[in-house]
Amino acid sequence: MKIKSSVLYALLLPVLLPAVTACSDYFDQKSNHVIYADDNHLGNASDTLYSVLGIVNKLQRIADRTILLGEMRGDLVDVTSVTSADLRDVATFNIGDSNVYNRPRDYYAVINNCNYFLANADTTIRNSLNERIFRKEYAAVKAFRAWTYLQLALNYGRVPFVTKPIQTKDEAEAGYEYKDIKGICEYMLADLAPYAEEEIPSYGSIRNNASQLFFYPIYILMGDLNLWAGHYREAALSYYKYLVTRKGRNSVTPIGCRYSMWASADWKSRNISWSYSFSEILSDNTDVICMIPCDSIRAEGNYSELSNLFNTREDNAYKVSIIPSQSLKNLSAAQKYCYLTDAFTPIYAPVNADPMLTGDLRLSEAVETSGYAVGGGAAMQNENYQMIVKYATNNVHVCRRTLVYLRMAEALNRAGFPHFAFKILQTGINNKVIEDEVIPHYPGEEAWLRQFDFPTISYQLATNPNHLNSTSANTMGIHTRGSGWSNYNEYYQMPENEELQGTALLNWQMDKVEDLIVDEEALEFAFEGYRFYDLMRVALRRNDPSYLASRIYARRGQEKVGEMKALIRKDLTNTANWYLSWRGQIGF
C-alpha cells in the first residue's frame, strides 16, 4: 500500500533536515547544529559524534511515550483524580489526534535523522590498524532506526516506511509503502544482521552518565524482532548471543542475585537488594542495559515527566498521577512466598496486615508508601506518599538484563522447550541444569540445546540461603527474586498433566509456562512500559484477543470489570482497537 504524499509531508515538515540538533544538556557549543560537513558527508570524528548524540536528543522526545503508551494501556497501573485528560484518555483507549501522546512526527524525526546519517556517514575511512573507525556508530544508528520503527508499529499497527532521508517537499510527496509489525521486523532483521557483533560506541561519561548505556545492543534488538515475527529459535539464540558477547566473546553475564526476601519467619524484617537493579552506575553487575538520557532541567526542553507522574514531589504539589492497579496488587498477593528454615524446610508466608507485604515482595520494594508531612505548624497535613524506585532519576530505562533472560525464556518456551524456560524462572540456569533437567525431556534436540553454553563454574546457582553468603553465587531463578526459594516451593513447579501425552502435552505446557512468564514479567517489570506489548504479543500469538482484553478490563479487579468496560467504551477483543490512529491515515 502506498502512503498519500500529503500525510508524509505533514509528518516530516517539522523535521526536514539537513541539520540535527544537539542536546544542550550534554554539550556547551555555540552552534545548535551538530553536522558541520559542508558537503553533507560525515567524514570526521566531530561530525559523527555530534550526529549520533543528536539522534539521542531526538529520542528524548519519545522517551516518556515509550513508557506511558506501554504501561497506561495495560492492567498494572491506574489513574488518579489529578491525572491529566490526555493521560487518562490513553488509559481508556480514547486517544484522539490532538492528544500529546499521539505525535507520530516525533518518531519520524528520529527516523529521518537516522536515514540522513546512514546515507552520509563515510564508513570507508580506516585507522592505522585498517579498522573502519565509524562502523560502530553506523551500527548504532541502524539500531536506533530499527527500534524506533518497532515502537511505531507496536503503537500504530501499520506505518509509512521510509529508509532514505527526506529533505524536501518533493521527496516527501513521493509514494511510500506501509509496513506492519511483521514487515518491519523482517526488513530490520536483514538490515541489522551484518552488524550484530559490532561493539557499541563509548564516549566516556557525559554529564555523569555512562554513554555506553545510550545504545541498544543489536543482538537484543534482533531477539525482540524475531520474537515479534514468530521466529522463536532465532529469538532465543539472539538473546543468548548478547549474554555471551556483552563484553567480547565468551562473556559471562549471569542474572545476578538481587532479591527482596523475608529475613526470618516472624515476617517482620526483610533483606533487600532488588532495587539496586535500577542503578545507572556501569559495572559488570549493572542490570540497566540501555536508557534514554533526559535533560535535568524542565526548561531545557527534553525533560522526562515520569518522576512527577509516578512520585510524590513538590513539583506535582504532592499528587501523583499513576498508581499501582488493583490487578497488580492481586497478582502480587497471590504468589506463595517460600521461606527456608535452617533445616531447609519450606514455610509459606502468611497474609500480612499490609497487603503490599503479602506474596511477592518486589511490589513493596518498588513502591514506597507512607504518611508524608507537607508544610509546618498548623498548616501541616498528611498526604498520600508514593515513590516508585524505578523513577528515581531523570533518565528513562529501556532495557534491563533481567528482561533479556525473561524474553529468552519466552522464546525458548514457544520454540518447544518449556522445561528450559521454566528453569530460568525457578532455579536459574547453567550447563548442569541444562544437561540434567532440560535435555532429557527433548530427545533429538541435544545439539541445538547445547548451543546455550552457560559454564557451571561461571554461572553458580543460589538455591538456598547459604549460597547468598557466597561471593561466587551469581544466578538465581527470577521468581526467587521476590517470592522466596522457588526450587523448594511446592506451589511453583513445572506444569504437568497426566491426562495428556506427546504434542498435546507439549502445547498445554507451553501455554501454562507462558502464563507464568507473563505473570513474572508483571511482577518484575511493573511500571517499566512493557505490559501492554507483552499482552499484545501473547494474544496475537494465540490468536486470542481476549487474553489481552480480559486482563485490561480487570484492571480494578474482577468485581469491577463492568466499570472498566464502561470507562474504556471500546471492544478490546477487536484488535483494531489496540492501535492508535492519526488523522485517519496512519494506524487503524
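Rings of Phe, Tyr and Trp (its six-membered ring) pair if their centres lie within 6.5 Å; planes under 30 degrees apart count as stacked, over 60 as edge-to-face and the rest as tilted. By that rule, a search of the whole structure finds 23 aromatic pairs. The structure is a predicted model: local features need pLDDT of at least 70, side-chain atom pairs count only at pLDDT 80 or more, and totals for chains, interfaces and linings use all residues. Residues are numbered from 1 along each chain as its sequence is written, and side-chain values use heavy atoms, with hydrogens and water left out.

Take one pair to begin. Phe417 and Trp448 are stacked, at 5.1 Å centre to centre with 10° between the planes. This pair links distant parts of the chain, 31 residues apart. Phe417 is in the loop between helix 13 (401-414) and helix 14 (418-426), while Trp448 is in helix 16 (residues 446-449). Helices (H or I, at least four residues) and strands (E, at least two) are DSSP runs, numbered from the N terminus. Phe417 is buried, with a relative accessible area of 2%. Trp448 is buried too, at 13%. Buried means under 20% relative accessible area, exposed over 50%, and partly exposed in between (1.4 Å probe, protein chains only).

Another pair has the edge-to-face arrangement. Phe454 and Tyr459 lie 5.0 Å apart, centre to centre, with 85° between the planes. Phe454 is buried at 0% relative accessible area, and Tyr459 is buried at 1%. Ring pairs join these residues into a cluster: Tyr240, Phe417, Phe420, Tyr442, Trp448, Phe452, Phe454 and Tyr459.

Rings also meet charges here. A charge sits over a ring if NZ of Lys or CZ of Arg is within 6 Å of the ring centre and within 35 degrees of the ring normal. The charged end of Arg158 sits over the ring of Tyr178, 4.7 Å from its centre. Lys179 lies over the face of Phe161, 5.2 Å from the ring centre.

Now step back to the whole chain. The protein has 21 helices and 19 strands. Of its 588 residues, 57% count as buried. Contact means heavy atoms within 4.5 Å. Among contacts between residues at least 6 apart in sequence, 70% join residues at least 24 apart. The accessible surface comes to about 23,800 Å², and 47% of that belongs to carbon and sulfur atoms. These areas come from the Shrake-Rupley method with a 1.4 Å probe; for residues, only the protein chains shown count as cover.

Next, the interior. A nonpolar core is a set of buried Ala, Val, Leu, Ile, Met, Phe, Trp, Tyr and Cys residues joined through side-chain atoms within 4.5 Å. The largest such core has 165 residues, of which Tyr149, Met408, Phe452, Phe454 and Phe527 touch the most other members. Helix 5 (residues 135-156) gives the most to this core, with 14 residues. A second, separate core has 13 residues, among them Met261, Trp267, Leu340 and Ala473.

Helix 5 also holds Gln151. Gln151 is buried, at 8% relative accessible area. Leaving aside neighbours within four places in sequence, Gln151 is in contact with Thr66 and Tyr107.

Most residues other than glycine have a negative phi. Phe527 has a positive phi of about 80° although it is not a glycine. Phe527 lies in the loop between helix 18 (502-525) and helix 19 (531-542), and is buried at 1% relative accessible area. Arg583 also has a positive phi, near 55°. Arg583 is found in the loop between strand 18 (581-582) and strand 19 (586-587).

Which residues of helix 21 (residues 561-568) are buried? They are Val561, Met564 and Ile568. Seen down the helix axis, these buried residues fall within an arc of 65°, so they line one face of helix 21. The arc is that of the directions from the helix axis to the C-beta atoms. An α-helix has 3.6 residues a turn, so residues three or four places apart point the same way. The cover over the buried residues of helix 21 includes helix 3 (85-91) and helix 20 (546-553). Helix 21 is followed by Arg569, whose phi is positive, near 60°.

Finish at Tyr488, in the loop between helix 17 (480-483) and helix 18. Tyr488 is partly exposed, at 28% relative accessible area. Tyr488 and Pro346 are 142 residues apart in sequence and 6.5 Å apart in space, C-alpha to C-alpha. Not counting residues up to four places away in sequence, Tyr488 touches Cys338, Leu340, Phe344, Pro346, Tyr348 and Thr463.
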